[in-house]
Amino acid sequence: MPRKRALAGIASLCALLSTVFVPAATAQVDGGGWTSYSPSFTEQERGCGQISNLTFTLTCSTGSGDQRAERRYATYTGGTRQFEGSFRISSLGGTRISLKQTFQDPSGPFFMLAVERGGRLYAVHGGDTVATGATVGTTVRVNTVHQPGNNHKTYVNGSLKHTVSSPGGSFYDKFGAYRTNSGAGPATVVWSGIKFWRR
């Protein structure tokens, strides 16, 4: 009986330790030292944009005006921030749809990752090709690592694909489906695995 009680005590202690000493969250890219966090967000539906949980749809082919379906996260100003999410384009009748933005508040979009019909991912400002293969039905993981006043990096499926210098200031993350100035829907994009870290 004493042995059973001792074993039960050890089991209880292990259960307690597993809840108290939760391992630190490990970021997917760009070394260690990250701490996970959960910034607040709002949803933005403009024009023909529609949001259902993590599914973002532009229902029209309108090539003008504000057509967007996005999540806009809380503003940050310091440290280094990492965003991670995976997207799958389930339909793309249009082209040049922005998927993820790092927005400089209040100046405008500092970095926009968009997709063309055919699967090319590109940086809207400058037009650099970031990656290819983002075709309908393919799941693609995106990480952005941003240090205001230093640089902004974009990883695709774990590989560094794009780096650009960054000014200081206030920024926030957005993702979803957004018509660029030269683009148009319709499009449906399903996001998953949204995570944030800072250090």
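## The nonpolar cores

Four residues, Phe56, Phe87, Leu121 and Trp191, touch the most other members of the largest nonpolar core, which holds 35 residues. A nonpolar core here is a set of buried Ala, Val, Leu, Ile, Met, Phe, Trp, Tyr and Cys residues joined through side-chain atoms within 4.5 Å. Buried stands for under 20% relative accessible area, exposed for over 50%, and partly exposed for anything in between (1.4 Å probe, protein chains only). There's also a second, separate core of five residues, and Trp34, Val145, Tyr155 and Trp197 are among them.

If you skip its neighbours within four places in sequence, Phe87 is in contact (heavy atoms within 4.5 Å) with a list of residues including Leu99, Leu121, Ala134, Val189 and Trp191.

## What you're looking at

This is a predicted model, where local features need pLDDT of at least 70 and side-chain atom pairs count only at pLDDT 80 or more, while totals for chains, interfaces and linings use all residues. Residues are numbered from 1 along each chain as its sequence is written, and side-chain values use heavy atoms, with hydrogens and water left out.

## One disulfide

Search the whole structure and you'll find one disulfide, meaning a pair of cysteine sulfur atoms within 2.5 Å. Its partners are Cys48 and Cys60, with an S to S distance of 2.2 Å. Cys48 sits in the loop between β2 (41-46) and β3 (49-52), and Cys60 in the loop between β4 (55-58) and β5 (68-73), so the bond ties together parts that are twelve residues apart in sequence. Strands (E, at least two residues) are DSSP runs, just as helices (H or I, at least four) are, numbered from the N terminus.

The torsion about the S-S bond of Cys48 and Cys60 is about -65°, so this disulfide is left-handed. Both cysteines are buried.

## β5 and its partners

Strand β5 is mostly covered, with five of its six residues buried. β5 runs antiparallel to β2, and six bridges join the two; strands pair if DSSP finds at least two bridges between them. Across that pairing, Thr42 stands opposite Arg72 in β5.

Five bridges also join β5 to β14 (residues 170-184), again antiparallel. Here Ala69 stands opposite Ala177 in β14.

## Asn157 in its loop

Asn157 is found in the loop between β12 (151-156) and β13 (159-165). Its relative accessibility is 47%, so Asn157 counts as partly exposed. Leaving aside neighbours within four places in sequence, Asn157 is in contact with Thr139, Val140 and Arg141. The C-alpha atoms of Asn157 and Val142 are separated by 6.3 Å, though the two are 15 residues apart along the chain.
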